[in-house]
Amino acid sequence: MSIIYTRLGEVALRHDFYRDGIAKGIQLRPSAETANLLKNGRVLFKTTPGGAVLLYRAEEDESTPISPLKVPLSFFFYLESENPGSFFQITDLDEGSTSFGAGKIPYFFNNPPQASTDDSDPEVLSYRLLDGARPKIFSLDLQINPTPASVRIKIRNSKNEIISPGKSQTGEWLPDLTEVFPDSQGNFRFIFNLQGRKEGIYTFTLRDQGDTTDLWTKNYFLADDFSGKSIGLMELRYEAAPAHLYGPKEYYQLEFTSKESLWTYYVVNGNQKIDLVTNNLSIEDDGNEGSVPYGTYVFSQIGASPNADIKLNGKETVVFRSQSKIPYFEIPKLNLKLVKSPGNQVLIPSLPNPSRSAPTKDFGGETNTEIYVYI
């Protein structure tokens, strides 16, 4: 009897920072529960350069699974990076107005009705930020301002079904809207016990005493093996309808987007041979060469020439900032030139780009990257 494996699905990891579009140094790893599910279903998970593939053990007809899994089900995979610091430096992980920060988890997921069987047009996974990952038994201490007389607990799973937050001291499951009172310091302490529940996304909400208003809400991924090495989470979900689990091979694409920021140049009159009062400096963009992803950018001078408030190493300094954000790409931005007038003399034909390891700062609510140039 021959051993036959048929492709169930394929995931491509993409990042527009890189020249070839492939997310470098990123891999998928199945969670412990998912690994067990794959084993039971005779499904192989294989990483590939720039992605992963899922294959299931099939009968001689090459389509009937030998050990079929029951739907609905979800496969969860952890995103891991060879160099997390570099990855976070070049990757935009914000979700609209919600900023990515400590404790937040990037979460990518499919939409079963949008499954694609066209390798040239894969389903692009949706994206959101989760508030964190927790084991299935965890405690939580928090304060709510102003401190309410009590709060009521409501927990929902990914199907929006209401579940119990845990068990009482006598071993009974606590009911929905269990009431909790603050201690003498105004702190609320909770011990959630969801042992036995499937791993997944759960919504934790604290309601007011009268069950009319949400006072606090968090979306957590619950699993006992989520580690600090994981930079994100991917879910592939399969439903009874449409029945895609053992249908035609599916194609998914997980897309990372390059971080962008305002570029601020500090031009330092290092040799002090240029009179920054009688001469004007400017940054001009001559556009791009070849097929590159950058636009053409305008830079404005910040303050006087020289700047009245900023001196670097005691030297006169002129400051320029881009009027719009510029993305990070593996290919450098060329043709940003430093020009001195009168005379339209090009002092530097191609200004340096920000270092990938350069820290960013907040400027008026916008991300700002600083570059230092000595003339």
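Predicted model: local features only at pLDDT ≥ 70, side-chain atom pairs only at ≥ 80, totals over all residues.
Which residue in strand 18 is the bridge partner of F109?

**View 1. Strand 7 and strand 18 run parallel.** Strand 7 covers residues 105-109 and strand 18 covers residues 230-238. Three bridges join these two strands. The bridge partner of F109 in strand 18 is E235.

**View 2. F75 is a buried residue of strand 5.** Is F75 buried or exposed? Its relative accessibility is 0%, and under 20% counts as buried, so F75 is buried. Residues that F75 touches include T34, L37 and L38, as well as M234, E235 and L236. F75 and L236 are 161 residues apart in sequence, yet their C-alpha atoms are 5.2 Å apart in space.

**View 3. E80 and R29 form a salt bridge.** Side chains of opposite charge can pair when their charged atoms come close. For E80 and R29, the closest N and O atoms are 2.7 Å apart. E80 belongs to strand 5 and R29 to strand 2, so the pair links distant parts of the chain, 51 residues apart. E80 is partly exposed, at 22% relative accessibility. R29 is also partly exposed, with a relative accessible area of 28%.

**View 4. A salt bridge joins K136 and E33.** The closest N and O atoms of this pair are 2.4 Å apart. K136 sits in the loop between strand 10 (132-134) and strand 11 (137-142), while E33 sits in helix 1. The two residues are 103 residues apart and link distant parts of the chain. Which of them is buried, and which is partly exposed? K136 is buried, with a relative accessible area of 5%, whereas E33 is partly exposed at 33%.

**View 5. The side chains of E239 and R237 meet in a salt bridge.** The N to O distance is 3.2 Å. E239 is partly exposed at 28% relative accessibility, and R237 is partly exposed with a relative accessible area of 25%. Elsewhere, salt bridges that share partners join R7, E10 and K249 into one network. How many salt bridges does a search of the whole structure find? The search finds 15.

**View 6. I3, Y5 and L44 form a nonpolar patch on the surface.** Together these residues have about 270 Å² of accessible area. I3 lies in the segment before strand 1 (4-15). At 59% relative accessibility, I3 counts as exposed, because the cut-off for exposed is over 50%.

Definitions and conventions:
Residues numbered from 1 in each chain as written. Heavy atoms only, no water. Pairing = 2+ DSSP bridges. Helix = DSSP H or I, 4+ residues; strand = E, 2+ residues; numbered from the N terminus. Salt bridge = Lys/Arg side-chain N within 4 Å of Asp/Glu carboxyl O. Buried < 20%, exposed > 50% of the residue type's maximum accessible area, 1.4 Å probe, protein only. Patch = residues over 30% accessible without salt bridge, like charges linked within 9 Å, V, L, I, M, F, W, Y side chains within 5 Å. Areas by Shrake-Rupley, 256 points an atom, 1.4 Å probe, with all protein chains shown as cover. Contact = heavy atoms within 4.5 Å. Lists of a residue's contacts leave out its neighbours within four places in sequence.
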